[in-house]
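Please examine the sequence and the structure below. The briefing that follows treats helix packing, strand pairing and model confidence in turn.

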Amino acid sequence: MRVFRPKRRKGGKVVVSKYYSGSYRMPWMATKTTVGLQTTDKVIAEKRLREFCQVQEKQYEGLPVPSFLWGAPSRSIRDMLAQYEEHLLSLERAPVHVHDTVTRIARLADDMGWGDIEQITAAGFVKWRSSKPCKQGTKRVLSVKTVNEYLVSATAFLNWMKQLGFITENALENVQKGETRGHEKKKRRFWTDEEFEQFMQAGAPPQRVDYRPAVWLLRWTGLRINELQTLRWGDVFLDAEQPYLIVRAEISKNKLEEQVRLIRKAVNRLREMRPKGALAEDRVIPYALPKATQLQRDLKRAGIVYSNEFGDLDFHSLRLTFGQWLAEQGVPMAIIQQVLRHRSLATTQRHYVKPQAIKHSKGVNEIFEADSDTPVCTPEPDLDGQSESRPVTIGHEIGRLEAIAAKLDKFANALFSGGYGKGKNGGGNWIRTSERLPEQIYSLRALATCISHHSKAAISRTGKTEDSTAQTYFAKFFF
C-alpha cells in the first residue's frame with residue numbers, strides 16, 4: 001500500500017500529475033489496484049488510502065461502513081429512511097406514529113436540501129428552525145412543540161444509524177429543544193361540577209348512540225380515551241378488597257401493564273353497567289367513542305361553552321379534572337402521579353394540578369372508599385379563574401400525626417444516645433456497617449418535625465397551600 005503521483009508522457013515529455021493516487025492489494029485480490037485519491041497533499045492522500053482499504057475490508061466481511069470513512073458508499077437519506085420505517089414497524093410502533101416520523105424527517109431533508117446523511121448538521125437544523133417553517137397546506141407557522149417533534153424524530157433516526165454503525169456521532173444530539181412554556185397552542189381547562197352535571201343531563205346526541213356513560217367513566221377513573229375504549233370486563237376487578245382495573249401493556253402509553261385503583265362511586269357505576277352474562281372478552285364500552293368535534297357539538301347543544309380564555313373542554317380534560325379533584329381532596333402529589341400513571345412527577349404538577357388546589361393531606365383509603373355520589377370538587381372563583389376547594393376538616397387525623405411525630409423523634413433520640421454508629425472506645429469514627437446511620441437519624445428527626453409542622457398547620461389552616469416538604473414526607477412514608 002503506497003501513495004504516488006502518476007506520470008505520463010505528453011508531447012515527448014514526462015508529465016507528473018499534481019494529484020496523488022494509491023496502490024493497494026487486499027488479501028483476497030490477485031493483483032494490485034490503483035485508486036485516485038483526489039488530493040495534492042501527501043499526508044491527506046495516505047489517510048484516504050488507509051480509510052479506503054478499511055471500507056473494502058468491511059464491505060468484504062458484510063459489515064456496515066461508517067459514512068465518515070473516505071471512499072464509503074454514499075448513503076441517501078431516502079434509502080435509509082425506508083429501512084428506518086421498516087425498523088419501526090417491526091417494533092410494532094403505531095402506524096400513525098411511523099407515518100408522522102417518516103414524514104417529518106423527509107420534509108426536513110427536502111427543506112434543507114439534504115441528500116446524504118453526511119449533509120445533516122446541527123447548524124442546518126437550527127437555520128431551518130429559525131426560518132419559522134410553516135405547515136404545508138395551511139401556511140401557518142409551526143408551533144414550538146411541533147418543531148420539537150421534528151427534532152425528536154430526526155434525533156431518533158440518527159441514533160438508529162449510529163447503533164448500526166453507519167455514523168459515529170449524532171449531529172443533532174446537542175441541539176436544545178425550543179421553550180414551549182408560554183407558547184402552548186392547545187390549552188385545556190377543568191370541567192366544573194355544574195358543567196359536568198349539565199352535560200350528563202342534556203348532552204345526549206340525537207342521532208347516535210348515547211356515549212355519556214363513557215364520559216362519566218373518563219371523569220371518575222382518569223383513564224385515557226383509548227384505554228377506556230379497549231377496556232374489557234376481564235380487566236375489571238370489582239370484588240377485590242381494593243377494587244381496580246388493569247390497563248393492558250399493548251394499550252398502555254408506556255407499554256407496561258398497569259393497575260388503576262377505582263373510587264367507590266366508579267365501582268358502583270361499573271356494577272350497574274355490567275350486563276348479565278357478560279364475558280371476560282366483552283368490551284366495557286361496546287360502541288366507538290366519537291371524535292372531539294362530536295363532543296363539541298353536544299356540548300353546545302347542552303348550553304356549555306367548549307372553549308374560552310382558560311382552554312377547551314375535550315375528552316382528555318376529564319382526566320385533568322380527575323387529577324384536580326384528587327388534589328382538592330387532599331391526596332399527596334406523589335399519589336396523584338401514581339393514580340394517573342405519569343412517569344414524571346413534573347408532568348403531574350405542570351399539567352394536571354393547580355397549586356392553589358392542594359389542601360391538607362387526607363387518607364387515600366378514605367377518599368377512594370367514600371360512598372358519596374357528590375364529592376366536593378366544584379371550583380370557586382379566584383384570581384386565576386379556576387379552582388379553590390371548599391374547606392374540609394380533618395378531625396382525628398391531627399392527633400394521629402402528632403403521635404407519630406412524637407414516636408419518631410423518641411426513636412431518633414434512642415438511636416443517637418444508644419451509641420449506634422460510634423467507633424471503638426467512643427471515638428468519632430463510624431462503624432463500616434453503620435456509615436449511613438447518622439443520616440438516617442437526622443432524616444427521622446426531620447420527618448418528625450415535618451409531620452408535627454403539618455399537623456399544626458392543619459389546625460390553624462387558612463386556606464393557603466401547606467408546606468410542600470411536609471406533604472412530600474407524608475406521601476413518601478405513609479402511602
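In this predicted model, Val215, Leu218, Arg219, Trp220 and Thr221 of helix H7 are in contact (heavy atoms within 4.5 Å) with Phe315, Leu318, Arg319, Thr321, Phe322 and Trp325 of helix H11. By class, seven nonpolar, two polar and two charged residues make up this contact. Residues are numbered from 1 along each chain as its sequence is written, and side-chain values use heavy atoms, with hydrogens and water left out. Local features need pLDDT of at least 70, side-chain atom pairs count only at pLDDT 80 or more, and totals for chains, interfaces and linings use all residues.

**Helix packing**
- Two packed helices are described by the angle between their axes and the distance between the axes.
- H7 (residues 212–221) and H11 (residues 315–328) pack at an angle of about 35 degrees, and their axes are 6 Å apart.
- The crossing of H7 and H11 is right-handed.

**Strand pairing**
- Strands S7 (residues 244–247) and S8 run antiparallel and are joined by four bridges.
- Leu245 stands opposite Val260 in S8.
- In S8 (residues 258–261), Glu258 and Val260 form the covered face, whereas Gln259 and Arg261 form the uncovered one.

**Confidence**
- The protein has a mean pLDDT (the predictor's confidence in each residue, from 0 to 100) of 77, and 72% of its residues reach 70 or more.
- Confidence is highest in strand S6 (residues 236–237), at a mean of 94, and lowest in helix H17 (residues 468–478), at 43.
- Over residues 459–479, pLDDT stays under 50.
- Where pLDDT is low, the predicted coordinates should not be read in detail.

Conventions. Axes are lines fitted to C-alpha atoms, for helices over the stretch in contact, and angles run from 0 to 180 degrees between N-to-C directions. Helices (H or I, at least four residues) and strands (E, at least two) are DSSP runs, numbered from the N terminus. A crossing is left-handed if the near helix is turned anticlockwise from the far one by less than a right angle, and right-handed if clockwise. Ala, Val, Leu, Ile, Met, Phe, Trp, Tyr, Cys and Pro count as nonpolar, Asp, Glu, Lys and Arg as charged, and the others, Gly among them, as polar. Buried means under 20% relative accessible area, exposed over 50%, partly exposed in between (1.4 Å probe, protein chains only). Two strands pair if DSSP finds at least two bridges between them.
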